[in-house]
Amino acid sequence: MAAAPAVRFPVSGLVRLLGLAAAAGILFWAVHYRGGMALSTDEESKLPIFNVHPVLMLIGLVTLNGEALLAYKTVPGTKKLKKLVHLALQFLAMFLCLIGLWAVWKFHDERKIDHLYTLHSWLGLTCIIFFSLQWATGFWTFWYPGGSRSGRASLLPWHVFFGIFIYALAIATSVSGLLEKSIFMQSAKMIGRFSTEAMFMNSLGMLLVVLGALVILAIVSPGPGKIDTYRGSSE
């Protein structure tokens with residue numbers, strides 16, 4: 001069986017930089033191109049509630065979740081502290097996602113748009129459900145009340161696998177969301193195919209793909225110091 005690739009550059013630092021760039025990018029898009037964000041769509045504010053959805057989803061499932069996945073490598077201190085940071089970041093990510101889901105649902109209701117008819121919405125709902133179950137299972141088994149030592153050891157490989165799978169699913173969902181929004185706006189003649197906004201959205205999508213690859217690489221690689229990412233989390 002082939003060994004995981006050893007990374008000879010500071011991949012965790014690069015992940016953090018690209019994660020912040022992705023979060024800044026979606027915020028810039030919402031504010032600069034789409035008029036900002038609001039939790040209502042009243043006539044006075046003119047700010048669509050929809051913009052809350054992509055911002056919170058990307059920051060939660062991509063940026064914060066990526067930091068949580070690498071907490072065992074990047075957070076100094078005891079294994080218990082690393083585990084706490086991992087759980088706390090993912091809980092915050094889940095909280096933001098629920099607000100983001102509420103925002104897009106409210107937007108559809110107000111605009112009389114059908115729910116859950118696109119592949120993006122199916123992927124997104126699947127991602128949130130899996131993410132919530134993964135967090136609850138991890139909390140119950142690895143934190144409180146905690147499973148037996150043998151139970152934690154047997155669950156750990158699956159916990160790592162599903163963590164990577166859910167992150168890849170979050171990247172796919174985010175990219176499909178950008179594509180869907182871009183196509184809708186182009187069809188409505190809101191933007192041109194080669195407009196600055198369309199190119200910006202494409203570039204953000206490519207950034208997410210690169211970020212996803214680097215996060216997965218950082219997880220599976222022992223790194224320059226051969227740091228064990230998750231081995232201690234079952235203890």
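Mentor: Start with His53. Leaving out residues up to four places away in sequence, His53 touches Gly100, Leu101, Ala103, Val104 and His120. Keep in mind that the model is predicted.

Trainee: Where does His53 sit?

Mentor: His53 is in helix α2. That helix covers residues 52-69.

Trainee: Why does His53 count as buried?

Mentor: Take its relative accessibility, 12%. Buried means under 20%. The value falls under the cut-off, so His53 counts as buried.

Trainee: What makes α2 and α4 roughly antiparallel?

Mentor: Look at the angle. Their axes cross at roughly 165°. Angles over 145 degrees count as roughly antiparallel. The angle passes that limit, so α2 and α4 are roughly antiparallel to each other. The axes come within 8 Å, and the crossing is left-handed.

Trainee: Which residues make that contact?

Mentor: From α2, they include His53, Met57 and Leu61. From α4, they include Cys97, Gly100 and Leu101. By class, the contact of α2 with α4 has 17 nonpolar, six polar and one charged residue.

Trainee: Next, Ile128. Why is Ile128 called buried?

Mentor: Its relative accessible area is 9%. The limit for buried is under 20%.

Trainee: What does Ile128 touch, not counting residues up to four places away in sequence?

Mentor: Met57, Cys97 and Leu101. Take Leu101. Ile128 and Leu101 are 27 residues apart along the chain. Their C-alpha atoms are separated by 9.1 Å. Leu101 also touches His53.

Trainee: What makes α5 roughly antiparallel to α6?

Mentor: Start with the packing angle, about 155°, with the axes 9 Å apart. That angle is over 145 degrees, so α5 is roughly antiparallel to α6. The crossing is left-handed. This contact has 12 nonpolar, 12 polar and two charged residues.

Trainee: Which members of the largest nonpolar core touch the most other members?

Mentor: Val15, Ile26, Val62, Tyr167, Leu208, Leu211 and Val215, out of 52 residues. The elements giving two or more residues are α1, α2, α4, α5, α6 and α7. Helix α2 gives the most, with 10 residues.

Trainee: What is Val15 in contact with, leaving aside neighbours within four places in sequence?

Mentor: Leu70, Leu211, Leu214 and Val215. There is a general background: in soluble globular proteins, nonpolar side chains tend to be buried together.

Trainee: Now the loops. Why does Lys112 count as exposed?

Mentor: Its relative accessibility is 74%. Exposed means over 50%. The value clears that limit, so Lys112 counts as exposed. Lys112 is in the loop between α4 and α5. Its phi is positive, about 60°, although Lys112 is not a glycine.

Trainee: Why is Leu116 called partly exposed?

Mentor: Its relative accessible area is 35%. Buried is under 20%, exposed is over 50%, and partly exposed is in between. The value sits in between, so Leu116 is partly exposed. Leu116 is also in the loop between α4 and α5. Leu116 is not a glycine, yet its phi is positive, about 55°.

Trainee: What makes the peptide bond from Tyr144 to Pro145 cis?

Mentor: The omega angle: it is near 0°. Pro145 is found in the loop between α5 and α6.

How values were computed
Residues are numbered from 1 along each chain as its sequence is written. This is a predicted model: local features need pLDDT of at least 70, side-chain atom pairs count only at pLDDT 80 or more; totals for chains, interfaces and linings use all residues. Side-chain values use heavy atoms; hydrogens and water are left out. Axes are lines fitted to C-alpha atoms, for helices over the stretch in contact, and angles run from 0 to 180 degrees between N-to-C directions. Helices (H or I, at least four residues) and strands (E, at least two) are DSSP runs, numbered from the N terminus. A nonpolar core is a set of buried Ala, Val, Leu, Ile, Met, Phe, Trp, Tyr and Cys residues joined through side-chain atoms within 4.5 Å. Buried means under 20% relative accessible area, exposed over 50%, partly exposed in between (1.4 Å probe, protein chains only). Contact means heavy atoms within 4.5 Å. Angles under 35 degrees count as roughly parallel, over 145 as roughly antiparallel, 65 to 115 as roughly perpendicular and the rest as oblique. A crossing is left-handed if the near helix is turned anticlockwise from the far one by less than a right angle, and right-handed if clockwise. Ala, Val, Leu, Ile, Met, Phe, Trp, Tyr, Cys and Pro count as nonpolar, Asp, Glu, Lys and Arg as charged, and the others, Gly among them, as polar.
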